[in-house]
Amino acid sequence: MSVQPAGAEPRERANGLNREEGPPLHAQIRDILHRQIEERPLPPGSPLPTEEELQKQFGVSRSVVRQALSGLSDLGLIRRQRGRGSVVAAAPVLRRHVQQAGGLDEQAAAHGQRLRTHVLSVEHEAPPEPAVNALNTTNTWKIERIRYLEDVPVAFMRTWVPRDLFPHFTKELLENASLLGLMREHGYHPAGGPRQVQAVAADPELGEKLHANTREPLLLLQGVTRDALGHGLEWFNVWHSPNTVFDVDAQVTSQPGRISEERIQRLQNLAHQLESELADLGRGTR
């Protein structure tokens, strides 16, 4: 019987694995390599150890190693190349314009990318108080979706929409579909609304959905979308993975501001009134 030196780490944990309890060995190895990639000891383009080296490192069979690598490949974290081993993949970057409402598919397509939508749930549920004020109703659908870029989850969306306006919404209808596009098809044309962006820490639920570590910073976009008449069509929270870039069209504040349509109309009315009075004066002097 072998005896471990005093203070030595238990054998089953010496290589980071717990062989007595916990997830399957391939899942543990996958998660260890995942953490190394996320924490950047393994930057994009760097080769992973060979299958044989991973076998020796973790003391497992080749089939277990291959399952672990397959899991990393499914997450979009590595590229497996026949005869050349596996390398760390560069995380795809989602770019979006913070001042543009909707059109995320079109924005991704402009960068040669394709987004995929998976609907997690469509439930009849009352919204939080800010959504009630924005939508002017408690009769709403709560819709939860994940957006994927190159099979990597980049955004988790939680949206409330009025059931009175969209009673036909179902999980099947929304799968891989544009929510704003469906609204247009049914006679409601989104015009935009206020948005705000803030950094938040991932909780375990968000971390699982976006393949992020707990407490890792995410970008949260919140807002409401209204139609041209001011009716609230959606109130939403969208959590973006860290590999998201928000583009902003900034203007120098010292430049003259844009004149509103209301002010233009008021000035035009004053001009017409002045022309009319001048014409009356002209007729009176003849």
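Visitor: Which residues in α1 meet which residues in α3?

Guide: This is a predicted model, by the way. On the α1 side you've got L25, H26, I29, R30, L33 and H34, and they meet V64, Q67, A68, L69, G71 and L72 in α3. Sorted by class, the contact of α1 with α3 has seven nonpolar, four polar and one charged residues.

Visitor: Which residues touch the most other members of the largest nonpolar core?

Guide: That would be I29 and L69, in a core of 18 residues. Two or more residues come from each of α1, α2 (51-58) and α3. The largest share is from α3, with five residues.

Visitor: What does I29 touch, leaving out residues up to four places away in sequence?

Guide: Its partners are L17, F58, V60, V64 and A68. There's also a second, separate core of 14 residues, with V122, I143, V161 and L182 among them.

Visitor: What tends to happen to nonpolar side chains in soluble globular proteins?

Guide: They tend to be buried together.

Visitor: Why is N176 called partly exposed?

Guide: Check the number: N176 has 47% relative accessibility. Buried needs under 20% and exposed needs over 50%, so a value in between counts as partly exposed. That's where N176 lands. You'll find N176 in the loop between α6 (171-174) and α7 (179-185). Its phi is positive, about 55°, although N176 is not a glycine.

Visitor: How do you know whether R215 is buried or exposed?

Guide: Use the cut-off again: exposed means over 50%. R215 has a relative accessible area of 65%, so R215 is exposed.

Visitor: Where is R215, and what is its phi?

Guide: Look in the loop between α8 (204-210) and β9 (217-227). Phi of R215 is near 80°, which is a positive value in a residue other than glycine.

Conventions: Residues are numbered from 1 along each chain as its sequence is written. This is a predicted model: local features need pLDDT of at least 70, side-chain atom pairs count only at pLDDT 80 or more; totals for chains, interfaces and linings use all residues. Side-chain values use heavy atoms; hydrogens and water are left out. Contact means heavy atoms within 4.5 Å. Helices (H or I, at least four residues) and strands (E, at least two) are DSSP runs, numbered from the N terminus. Ala, Val, Leu, Ile, Met, Phe, Trp, Tyr, Cys and Pro count as nonpolar, Asp, Glu, Lys and Arg as charged, and the others, Gly among them, as polar. A nonpolar core is a set of buried Ala, Val, Leu, Ile, Met, Phe, Trp, Tyr and Cys residues joined through side-chain atoms within 4.5 Å. Buried means under 20% relative accessible area, exposed over 50%, partly exposed in between (1.4 Å probe, protein chains only).
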